Amino acid sequence: MNVAKLNEYAQRQRLELKYEDVGSVGPDHIKTFTVRAVLDGKAYPDGVGKNKKEAKQNAARNALRGLLEEPIDPTGEEKYSGTPSKPKEELNQNVLDICEKTKSLSVRTTGDVFTDTNYIGMINSYCQRKKLSHDYILEKRCGPPHNPQFFYKLVINNKEYPVGEGKNAKEAKQKAAQLALSALQEQTDWDSKVSVWPAVSEDSAPAKLSTPPSTPDSHDAKSKSVPVTTTSDSAVFTNSLNPPKDQIQSPDVKPKIKIAAKFPNACKNHKEDIMVNFNVKNTDNSQSEKTTNQSAISRFTSDFDSIVCLGKGAFGQVFKAQQKLIKKYYAIKIVRCKEIKKALREVMALSDLHHGNIVRYYTCWLEDSGYQWDKADDSGSTSQSTGNSSVKYLYIQMELCDTRTLRVWIDEKNIQNVKKSLRDSKRRDESLTIAQQMVSAVEYIHSKMLIHRDLKPANIMFGQDGEVKIGDFGLVTDENDDDAENLLERTVYKGTPSYMAPEQKRKSTYDRKVDIFALGLIYFELLWNLSVGNERKVIWDDARNQKFPQGFPQNFPQETKIIKSMLCAKPEDRPEASKLKMDLEECTRTLTMFKDMRRDNRTV
């Protein structure tokens, strides 16, 4: 999107960008709009479109085209030294010279194809240098013999990292190593000087990036501000400081990966050191570090594209975004936080949870800026936080689920009339399956001594294959009776009131059984067609007290017994998740038996 590109350019160069509505002409049914982009006080050619969004995009495109014809200083200010700027022809010649010189830039491999990155070798090298022990553990293997699926996790010094999956053991281990390496780079004690590039890859020698010894003489100080970028998918040449040799010889060279070409005489005053894979800061001197921090580019906007806002909540926003390197979509949750410890509670819980019915966590990072979404043109830009330096933004990268939550599923079912809903055996079967998956996830959460505290249909999603995924662990807390602080936390009025257990509402000390109460209400809601308005409130309040509407026990006898046990007023009378799991399995067997009997009677 041109608007997004221009926003990013303006942010990098620290320029003021605004759009002016020039006006519109023509009758309503064929009206055309005109918008003008103004960058740091300079107006660029107008953009025209059938609507304001299209006009704004065209205005941004015209501005970008205009910028390509102008030499811009890296500081974002034009040079007014009293001497005329370079003629356009001379500047274009400089660009041509650089392009000519970079034609000989080549990637050498041992075969006819590019060599894949050997993440296992990189982990081995890292652990050897740091003197750390590591091991790959097989979590599970599933699928038919002709198409198996392997799941491995990497453990370094007894610390577990996210599970990697693949079609074979080697692929799964490579993925696990890649995920661990990504997580390691986020640690504050990560040593950027430690080389993790293996000398030899697992299967073949690594590919090497080579540059010609000569440098473009015509690329002098006056033209150093012009970024030279190819539009090819194979490589993008970006000006940078002189990178270390071990990074230039990086084996991580593939098609569609950005490669930082080395021009020794170019961009000596460039503010950023752009490298392949690792965001390694230039530590030559303190002044360089200070400059880099001042013009830091958001990791979110540099690593991800195709960003779309999925929703907003009280604590932050969730975006769908594509990771540029691997072309895979993720959900990125951005939380504005003053107290990092509290904000990290969700991350710390998710990082320890690996279950098929829980939203998968990948990594997280902190930034000083949030991300502002512009609905008008489907674009966004980072925005600095207020003067309060204590405010940070936590970015959480998670598995992307279907935008259709369990709340939507229930509402769709409730469109049917009550009589039809009672005859809908498909809804009953699907509700039972959903309940089993929810209970399985909650059993796992409780086994980790955690309490979710905010289970409700809006926080339960569906994966890409339709499986249930419990998410939003923002209110999760430990169940640790020896911790005084945790005991106090488990008396706080937190959660969604309509799904809270009685002891949760009373602010008494509560335990994991609050999750069982919420699950009972959700299961009731899955089965019964609740109306809207005052009648709904009456039915809901009665259900909280184990009083079900007329017809519910008759139509759902097995489910009524299970739900009633889950909604006991005293937490000690509610079953554990493991017991519920067995009760639901027995319910499945009973319903299947009744179905078989009815089918047999019809055939007689």
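A: In this predicted model, the crossing of helices α4 and α5 is left-handed. The residues that make this contact on the α4 side are Tyr-119, Ile-120, Met-122, Ile-123 and Tyr-126. On the α5 side they are Lys-170, Lys-173, Gln-174, Ala-177, Gln-178, Ala-180, Leu-181 and Leu-184. Sorted by class, the contact of α4 with α5 comprises nine nonpolar, two polar and two charged residues.

The geometry of this pair can be stated as follows. Helix α4 covers residues 119-130 and helix α5 covers residues 169-185. Their axes lie 8 Å apart, and the packing angle is about 50 degrees. Because of that angle, α4 is classed as oblique to α5; angles under 35 degrees would count as roughly parallel, and those from 65 to 115 as roughly perpendicular.

Helix α15 (residues 513-527) and helix α16 (residues 534-544) have axes that come within 11 Å and cross at roughly 135 degrees. The pair α15 and α16 is therefore oblique as well, since only angles over 145 degrees count as roughly antiparallel. The crossing of α15 with α16 is right-handed, whereas that of α4 with α5 is left-handed. From α15, the contact draws on Phe-517, Leu-521, Phe-524 and Glu-525. From α16, it draws on Arg-536, Ile-539, Trp-540, Ala-543 and Arg-544. By class, the contact of α15 with α16 has six nonpolar and three charged residues, and no polar ones.

One further position leads from this region to another part of the sequence. Ile-451 belongs to strand β18, which spans residues 450-451. With a relative accessibility of 0%, Ile-451 is counted as buried, because the cut-off for that class is under 20%. Between Ile-451 and Val-514 there are 63 residues of sequence separation, yet their C-alpha atoms are 8.0 Å apart in space.

Finally, the chain as a whole supplies the setting. Its secondary structure amounts to 19 helices and 21 strands. Of its 604 residues, 45% are buried. Among contacts with a separation of 6 or more, 59% join residues 24 or more positions apart. The accessible surface of the chain is about 32,400 Å², and carbon and sulfur atoms account for 50% of that area.

Methods:
Residues numbered from 1 in each chain as written. Predicted model: local features only at pLDDT ≥ 70, side-chain atom pairs only at ≥ 80, totals over all residues. Heavy atoms only, no water. Axes fitted to C-alpha atoms, helices over the stretch in contact; angles between N-to-C directions. Helix = DSSP H or I, 4+ residues; strand = E, 2+ residues; numbered from the N terminus. Left-handed = near helix turned anticlockwise from the far one by under 90°. Contact = heavy atoms within 4.5 Å. Nonpolar A, V, L, I, M, F, W, Y, C, P; charged D, E, K, R; others polar. Buried < 20%, exposed > 50% of the residue type's maximum accessible area, 1.4 Å probe, protein only. Areas by Shrake-Rupley, 256 points an atom, 1.4 Å probe, with all protein chains shown as cover.
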